[in-house]
Amino acid sequence: MPPAHTHPVALPSPVSAWRQQMHDNPWIGAGLALSLLVVLVLLGASLWNAVNGDHAENLHLAALGGLSGFGATALGAVLAVVLRDVRARTQDVMLGFAAGMMLAASSFSLILPGLDAAREITGNGPAAAFTVVLGMSLGVLLMLGLDRFTPHEHESTGPCGPEAERISRVWLFVLAITLHNLPEGMAIGVSFANGDMNIGLPLTSAIAIQDIPEGLAVALALRATGLSNLKAALVAIGSGLMEPLGAVIGLGISTGFALAYPVSMGLAAGAMIFVVSHEVIPETHRNGHQTAATLGLMGGFAVMMFLDTALG
């Protein structure tokens with residue numbers, strides 16, 4: 001009996017895949033559209049303000065801050081080539097440390113200054129809290145929508161998003177890293193929006209420090225997909241370019257008008273906290289090293305709190 005001919009299953013087109021994703025997740029899609037609309041409005045207001053004002057010095061500081069994050073990511077990626085092999089427990093502790101620094105930076109360098117700025121503008125505490133919470137909500141909606149509608153891959157959950165089955169595992173990792181680095185760069189840009197080094201310097205220092213273990217972990221993860229040491233390091237270094245780009249975007253959305261600053265502080269904080277809870281912490285617990293990773297998180301939180309006090 002001749003073997004039956006099998007035909008490959010036709011995969012949906014990109015447009016139909018995104019439509020199906022929107023149909024399955026209407027509220028998340030609407031939230032992503034709303035957050036992107038707000039970001040575009042803030043960027044438009046910032047562009048108008050730039051034509052009629054002068055933010056060249058703040059742009060210079062934000063760009064330098066973003067480049068410092070890129071340099072730290074590159075350093076971590078190069079360490080992956082030098083060290084060759086790093087134990088999973090050590091990686092989880094380092095990522096936990098990075099998560100702790102991101103959480104503390106969100107609290108001390110974004111949320112609290114955002115509340116102070118909003119209180120000065122609105123004149124009362126509840127309105128200030130509402131302003132920052134609104135920004136945090138937009139940040140969460142932005143990252144949740146990007147996570148759901150952008151094809152990428154996590155070590156713990158595998159391919160995610162539309163058309164993920166069409167894209168190689170390496171590029172899915174690269175897209176995941178891009179989603180991770182964008183809010184960090186935005187946070188740097190927002191922190192320099194008023195040219196306040198007491199806010200920008202501690203936050204940029206914290207993000208740069210935690211970018212080193214992140215760059216190392218990213219390069220090791222890419223190496224696990226089959227890339228050579230050199231290629232994995234180069235791709236990890238390239239992913240760090242999202243930080244200076246994010247810094248320019250962050251500065252742009254926070255300088256359009258007065259309330260844009262505290263709203264953007266909340267947006268950057270919400271995006272970073274989402275990334276920590278949704279991606280970094282689950283990754284550190286994947287190999288059964290929860291206690292060590294949690295101690296690393298507490299250490300990172302303490303270091304960032306010290307930096308904020310010493311440099312702020």
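Let's start with Asn181, which is buried in this predicted model. Its relative accessible area is 4%, and since buried here means under 20%, Asn181 falls well inside that class. You'll find Asn181 in helix 6, which covers residues 169-191. What does the side chain of Asn181 reach? The backbone oxygen of Ser239, at 3.0 Å. Leaving aside neighbours within four places in sequence, Asn181 is in contact with Glu214, Ser239, Gly240, Met242 and Glu243.

Now follow one of those partners, Gly240. Gly240 sits in the loop between helix 8 (229-239) and helix 9. With 0% relative accessibility, Gly240 counts as buried. Its contacts, again leaving aside neighbours within four places in sequence, are Phe70, Thr73 and Asn181. Gly240 and Leu182 are 58 residues apart along the chain, yet their C-alpha atoms are 9.1 Å apart in space.

Which residues of helix 8 are buried? They are Ala232, Ala233, Ala236 and Ser239. These four cover an arc of only 120° around the axis, so they lie on the same side of helix 8. Look at the other side of helix 8 and you'll see Leu230, Lys231 and Leu234, which are exposed.

Nine of its 12 residues are buried, so helix 9 is largely enclosed by the rest of the structure. Among the buried ones are Met242 and Glu243, both of which are also contacts of Asn181. Gly246, Gly250 and Gly252 are on the buried list too, as are Pro244, Ala247, Leu251 and Ile253.

In soluble globular proteins, nonpolar side chains tend to be buried together. In this model, the largest nonpolar core has 57 residues, and those with the most contacts inside it are Leu110, Leu146, Ala187, Leu203, Leu267 and Met272. Helix 10 (residues 260-285) supplies the largest share of this core, 13 residues. For a closer look, take Met272: leaving aside neighbours within four places in sequence, its contacts are Met102, Ala105, Ser106, Leu110, Pro183, Glu184, Ala187 and Ile207. There is also a second, separate core of 12 residues, which includes Ala77, Leu216, Leu227 and Ala233. Ala233 takes you back to helix 8, where it is one of the buried residues.

Conventions:
Residues numbered from 1 in each chain as written. Predicted model: local features only at pLDDT ≥ 70, side-chain atom pairs only at ≥ 80, totals over all residues. Heavy atoms only, no water. Core = buried A, V, L, I, M, F, W, Y, C linked by side-chain atoms within 4.5 Å. Buried < 20%, exposed > 50% of the residue type's maximum accessible area, 1.4 Å probe, protein only. Helix = DSSP H or I, 4+ residues; strand = E, 2+ residues; numbered from the N terminus. Contact = heavy atoms within 4.5 Å. Polar contact = N/O pair within 3.5 Å; in protein donor to acceptor, adjacent residues only side chain to side chain. Arc of directions from axis to C-beta.
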